[in-house]
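Please open the structure in a viewer in which residues can be selected by number and side chains displayed.

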Amino acid sequence: MTTTSYQLFINGKWIDSVSGKTFDSYNPATNEVNASVSEANGEDVDIAVKAARKAFESGPWADMAPSDRGRLLNKVAQALWEKADFLAEVESRDNGLPINETKFIAMPAMIDVLEFYAGLANKVQGDTLASPAGRLNYTLKEPIGVIGAIVPWNFPLMLTMWKLAPALAAGNTIVIKPAEQTPVSILEMVKIFHEVGIPDGVINVVPGYGHTAGDALSSHPDVDKIAFTGSTNTGRLIMQAASKNIKPVSLELGGKAPNIVFDDANIENAINGSMFGIFFAQGQVCASGTRLFVQDSIYDEFMEQFIEKVKTIRMGNPLEPTTQMGPQVSLKQLESIESYVASGLEEGASVLIGGERNKTAGAGYFYSPTVLENVTNDMKIAQEEIFGPVLSVIRFKDEADVLQQANDTIYGLSAGVWTENLKRAHRMAQGLKAGTVYVNTFSMLDSTASFGGTKQSGFGRELGIQAMDMYTETKSVWIDLNDEHFNWYGV
Ligand code: NAD
């Protein structure tokens, strides 16, 4: 297999890092090197921030009319559609997502986000306020400046686009720090932005490690905002680093979603939706329904049918269209999943299916879809984010019981409810502490619908019209309309 080389992308140019260092990015399905990538550290981040600052303050991007910005972003979207299959394959090689999930879910969703915000570029509006007599006050909505985007490896393109598209639509410039496991698809995507004509310095990419490049970006005094998606622990470090120059942060962090099946649910739909909720993307989804609460009265019947379905999941080469589950992203993740399952068993859980590596699916980091029962909500596997294909099943008695258990977590990203009872569905939607509640569905996303967490799942809402607020500042302008001179002191 040939290894491709990638450089940093700064100020419209492909350049080596100052240190000349590189790192390897692996194909998780084969455990072979997928690409050799220039490794950015603090000096490179500084160069990238300077380029982004210059492009923000002067030049074609700073002067561009919002309508032209939107038109240009739409042209990029068109080019991305034309290269969507290529990008899907690059991303599948990069992080192991099955090609059907990159091609038919992640890529279309990612490009739709760009189109959505391209359409908002010329709809950024301030207000004219009810001002006192003789005075006029209005607000300007202005771009914030240089945005630092730090993204994880599970959906590199989509989660980058959630930040990149609104940031650019509002007129900001950006420095992107991809996850060290998956820099390649982001670099390929940015190449397309550049080819279509996004001016130099508007988008910069500094692949590298979190404690070096990531920390340099979040603590940089000339970065105006950090948009982060990743783990709760890293979110904490980013808040600390960003506090050095009081830059605002938006944090999309971990989750431990409850997925609740009541005895009045449509069982077949609940089984299919709950399987998608946990095994989509090998369980490497922050919103995954990792705690499955099943009502006592249907528990045996539901679980029997659920396990029969899980047995049919096809694991293997992510590039095969028939594959339904690929490898975990890295050996580190695989080992972490193993240690979580071991801890669950030690605490009294039992394996209904899976619970081990899949050695027949390929030479990479494959872990079988796993369902653990006899789990109680206080176990480590029910409280900590595993970020793998491991479902913890918990029985419950009634609505009050399950609501209490579902909310008994430090996380609050998403939650699911399966019921045919309309009143119960609305009661649960109100009672669950989460940024998103799914009723009779799971893991739905759309450019129009805001997404984000409560509690230690973070704050700020990506997607939707509201996300433009995270990339604009409101400036209040006062105009004195009186002819006589304002003179408080009367001298
Ligand atoms: P991570 O926090 O380890 O890494 C995420 C990014 O942060 C990477 O680019 C990494 O290099 C960087 N980073 C690491 N340490 C840093 C530091 N000290 N300073 C600055 N940057 C640093 O997370 P991960 O393991 O790559 O991703 C999985 C996590 O992301 C899970 O917890 C998952 O729930 C979360 N996630 C959340 C969402 C969401 O929208 N809420 C979406 C996807 C993933």
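The model is predicted, so local features need pLDDT of at least 70 and side-chain atom pairs count only at pLDDT 80 or more, while totals for chains, interfaces and linings use all residues. Residues are numbered from 1 along each chain as its sequence is written, and side-chain values use heavy atoms, with hydrogens and water left out.

**Stop 1**

Select Glu89 and Arg93. These two residues form a salt bridge, with their closest N and O atoms 2.6 Å apart; the term denotes a side-chain nitrogen of Lys or Arg within 4 Å of a carboxyl oxygen of Asp or Glu. Both residues belong to helix H4 (residues 84–95), where they are four residues apart, about one turn of the helix. Helices (H or I, at least four residues) and strands (E, at least two) are DSSP runs, numbered from the N terminus. Glu89 counts as partly exposed because its relative accessibility is 35%, and Arg93 counts as partly exposed at 29%. On this scale, buried means under 20% relative accessible area, exposed over 50%, and partly exposed in between (1.4 Å probe, protein chains only). The structure holds 21 salt bridges.

**Stop 2: a salt bridge between strands**

Next, select Glu142 and Lys475. Their side chains meet in a salt bridge of 3.1 Å, N to O. This pair links distant parts of the chain, 333 residues apart: Glu142 is in strand S6 (residues 135–143) and Lys475 in strand S22 (residues 472–480). Glu142 is partly exposed at 24% relative accessibility, and Lys475 is partly exposed with a relative accessible area of 39%.

**Stop 3: helices H14 and H15**

Move to Arg427 and Glu399, whose side chains meet in a salt bridge (2.8 Å, N to O). Arg427 lies in helix H15 (residues 422–431) and Glu399 in helix H14 (residues 399–407), 28 residues apart. Is Glu399 buried or partly exposed? Glu399 counts as buried because its relative accessibility is 17%, whereas Arg427, at 42%, is partly exposed.

H14 and H15 pack at an angle of about 30 degrees, with their axes 11 Å apart. Axes are lines fitted to C-alpha atoms, for helices over the stretch in contact, and angles run from 0 to 180 degrees between N-to-C directions. H14 and H15 are therefore roughly parallel to each other; angles under 35 degrees count as roughly parallel, over 145 as roughly antiparallel, 65 to 115 as roughly perpendicular and the rest as oblique. In the contact (heavy atoms within 4.5 Å), Glu399, Val402, Leu403 and Asn407 of H14 meet Arg424, Arg427, Met428 and Gly431 of H15.

**Stop 4: helices H3 and H6**

Select helix H3 (residues 66–82) and helix H6 (residues 156–169), which pack at an angle of about 150 degrees with their axes 9 Å apart. H3 and H6 are therefore roughly antiparallel to each other. Arg69, Leu73 and Leu80 of H3 make the contact with Met161, Leu168 and Ala169 of H6.

**Stop 5: helix H8**

Finally, select helix H8 (residues 210–219), in which Ala213, Gly214, Ala216, Leu217, Ser218 and Ser219 are buried. Against which elements do the buried residues of H8 pack? They pack against helix H1 (42–57), strand S7 (146–150), strand S8 (173–177), strand S10 (225–229) and helix H9 (232–242).
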